[in-house]
Amino acid sequence: MTIKKYNTFRMIIVIALAIIFSQSIIYQNYFLAIGILIISSLLVFTLRKSVKEIMADERDYEQGGKAAMLAMQIYCYAGVIAMFIFKSQASLNPSYDIIATTLAFSICIFMLLYSFIYQVKSKGKFWDKWVIYTFLVLLFFLVLGILGILKI
Amino acid sequence: MKNRIKELRTKLNITQDELAKSVEARRETIVFLEQGKYNPSLNLAHKVAKKLKVKIDDLFIFEE
């Protein structure tokens, strides 16, 4: 299969997935939503395997890394701003406090997860002092986040 | 970083697509390489130099 054909099929699958997924959520049929998500993922994975051409090379990975880094920064800055807005408006609606806390912890965990994956990739192994420290801090924040949200 | 990829590729009558396939890269990467907009890894530079039958030093013009 050529990359062009693969992209066309992938686009069709994504559109079909979006339609079925949204409808199944509206009709509260969550099993269908999960099922269609798994089936489409497997389908895309199988299609990708059948592509014989080179789909990505070192330049794509480099650009992908830069794009991921930028996306993470934008998400974090936007999230922090949104968190402060929600926190300041918590007196108007108590649910804003939950949103603010969830946002704050999700940003922390997201950044820690990035640091952890970066450390693993950078060191090339899991059993490294700094990798384990980052992993423990990540776990700590995960527990803290869950407890913080449950407390509210 | 400037290079002689386009010049040598044309001389050997190789298309961008053929070069890309032989060095296991995408054609777009070759385009960017030729335009000097992308600095390749040593591995890719070696593959391109080998395909164009020159040494890496003769292919890329390093500027101090």
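Let me start with a question: is B:N13 buried or exposed? B:N13 is exposed, with 7 other C-beta atoms within 10 Å. For the terms, a residue is buried if 20 or more other C-beta atoms lie within 10 Å of its own, exposed if 12 or fewer, and partly exposed in between, with C-beta atoms placed from the backbone.

Quick housekeeping before I go on. This is a predicted model, where local features need pLDDT of at least 70 and side-chain atom pairs count only at pLDDT 80 or more, while totals for chains, interfaces and linings use all residues. Residues are numbered from 1 along each chain as its sequence is written, and chains are lettered from A and ligands numbered from 1 in the order in which they are written.

Okay, back to B:N13. You'll find B:N13 in the loop between α1 (5–11) and α2 (16–22) of chain B. When I say helix or strand, I mean DSSP runs, H or I over at least four residues for helices and E over at least two for strands, numbered from the N terminus. The backbone there is worth a look: B:N13 has a phi near 60°, a positive value in a residue other than glycine.

B:I14 is partly exposed, with 15 other C-beta atoms within 10 Å. Leaving out residues up to four places away in sequence, B:I14 touches B:R9 and B:L19; contact here means that the C-beta atoms, placed from the backbone, lie within 7 Å. B:I14 and B:L52 sit 38 residues apart in sequence, and their C-alpha atoms are 9.0 Å apart in space.

Move along to the loop between α2 and α3 (27–34) of chain B, and there's B:E24. B:E24 also has a positive phi, near 55°, and again this is a residue other than glycine. B:E24 is partly exposed, with 13 other C-beta atoms within 10 Å.

Now for α3(B) itself. Which residues of α3(B) are buried? They are B:T29, B:I30 and B:L33. Looking down the axis of α3(B), those buried residues fall within an arc of 100°, so they line one face of the helix; that arc is taken over the directions from the helix axis to the C-beta atoms. As a reminder, an α-helix has 3.6 residues a turn, so residues three or four places apart point the same way. And what do the buried residues of α3(B) pack against? The partners are α3 (58–88) of chain A, together with β1 (2–3), α1 and α2 of chain B. Just after α3(B), B:G36 takes a positive phi of about 70°.

That brings us to the contact between the chains. Four residues come from chain A and eight from chain B. The chain A side divides into one nonpolar, no polar and three charged residues. The classes are Ala, Val, Leu, Ile, Met, Phe, Trp, Tyr, Cys and Pro as nonpolar, Asp, Glu, Lys and Arg as charged, and the others, Gly among them, as polar.

Over to the chain A helices. The axes of α1 (residues 3–26) and α2 (residues 30–50) of chain A come within 9 Å and cross at roughly 175°. That makes α1(A) roughly antiparallel to α2(A). Axes are lines fitted to C-alpha atoms, for helices over the stretch in contact, with angles from 0 to 180 degrees between N-to-C directions; under 35 degrees counts as roughly parallel, over 145 as roughly antiparallel, 65 to 115 as roughly perpendicular and the rest as oblique. The contact of α1(A) with α2(A) has 14 nonpolar, two polar and two charged residues.

Next pair: α3(A) and α4 (residues 95–123) of chain A have axes that come within 8 Å and cross at roughly 155°. So α3(A) is roughly antiparallel to α4(A). That contact divides into 14 nonpolar, one polar and one charged. Among the residues meeting there are A:M72, A:C76 and A:F86 from α3(A), with A:Y96, A:L103 and A:Y114 from α4(A).

Last pair: the axes of α4(A) and α5 (residues 129–151) of chain A come within 9 Å and cross at roughly 165°. α4(A) and α5(A) are therefore roughly antiparallel to each other. By class, this contact has 16 nonpolar, seven polar and one charged residues.

Notes:
Contact = placed C-beta atoms within 7 Å.
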